Amino acid sequence: MLPSLKFVSSPNYSSRNGNAVRLIVVHDCEGSYSGSISWFSQAASKVSAHIVLSEDGTQATQMVAWANKAWHVCSFNPVSEGIEAAGFSAKGLGAPEWLELASITAYRLHAHGLPPIWCNDGGGQGFCEHADLGVAGGGHHDITHDPAVWAAFEKMVQ
């Protein structure tokens with residue numbers, strides 16, 4: 001189930017050009033909830049995500065309509081939806097934020113008829129973290145590199 005969503009439009013989106021979503025990409029913002037919403041709202045940022053989740057997991061803002069392509073993972077934008085969790089990889093996420101992130105991920109996977117599995121090479125269907133996409137996904141490394149954390153997250157998504 002999705003939390004109640006606010007909507008703040010980002011100008012940074014485009015058409016999927018007929019591509020079907022096959023990945024839900026989980027990121028951290030490397031910033032605060034309000035700061036990330038503000039940044040994604042500016043054309044000058046040239047970035048966006050579908051959802052930004054607050055640090056405590058109690059609030060979420062949709063910034064790009066599901067049918068549109070958000071600008072979050074370079075070559076994978078046409079085939080993915082992006083969910084950004086407020087916070088910093090160096091600090092990690094709290095349990096409530098991980099739980100809500102898993103809930104949103106599961107909901108969106110189900111909406112697309114995708115399997116609730118960690119697609120850690122970005123080549124299949126399911127969810128992945130930003131770092132799983134390598135250079136083609138922008139070369140970012142967030143939320144964590146710990147495979148045990150991602151395995152636990154996969155169980156929460158399932």
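Predicted model: local features only at pLDDT ≥ 70, side-chain atom pairs only at ≥ 80, totals over all residues.
Angles under 35 degrees count as roughly parallel, over 145 as roughly antiparallel, 65 to 115 as roughly perpendicular, and the rest as oblique.

Helices, then. Two packed helices are described by the angle between their axes and the distance between the axes. Here, take helix 2, residues 95-112, and helix 3, residues 147-157. Their axes come within 8 Å and cross at roughly 55°. Helix 2 and helix 3 are therefore oblique to each other. The crossing of helix 2 past helix 3 is right-handed.

Which residues meet? From helix 2: W98, L99, L101, A102, T105, A106 and L109. From helix 3: V149, W150, F153, M156 and V157. By class, that contact has 11 nonpolar residues, 1 polar and no charged ones.

Now the largest pocket. Its volume is about 320 Å³. How many residues line the largest pocket? The count is 19. Nearest the centre lie C29, F40, V47, E84 and H140. Two elements give two or more residues to this lining: strand 3, at 23-28, and helix 1, at 33-40. Helix 1 supplies the largest share, 4 residues.

What is the lining like by class? There are 7 nonpolar, 8 polar and 4 charged residues in the lining of the largest pocket.

Methods: Residues numbered from 1 in each chain as written. Heavy atoms only, no water. 1 Å grid on protein atoms, 1.4 Å probe; cavity = no way out; pocket = protein on both sides within 12 Å on 5 of 7 lines; lining within 4 Å. Points joined across faces, edges and corners; volume = space filled by probe spheres on them. Nonpolar A, V, L, I, M, F, W, Y, C, P; charged D, E, K, R; others polar. Axes fitted to C-alpha atoms, helices over the stretch in contact; angles between N-to-C directions. Left-handed = near helix turned anticlockwise from the far one by under 90°. Contact = heavy atoms within 4.5 Å.
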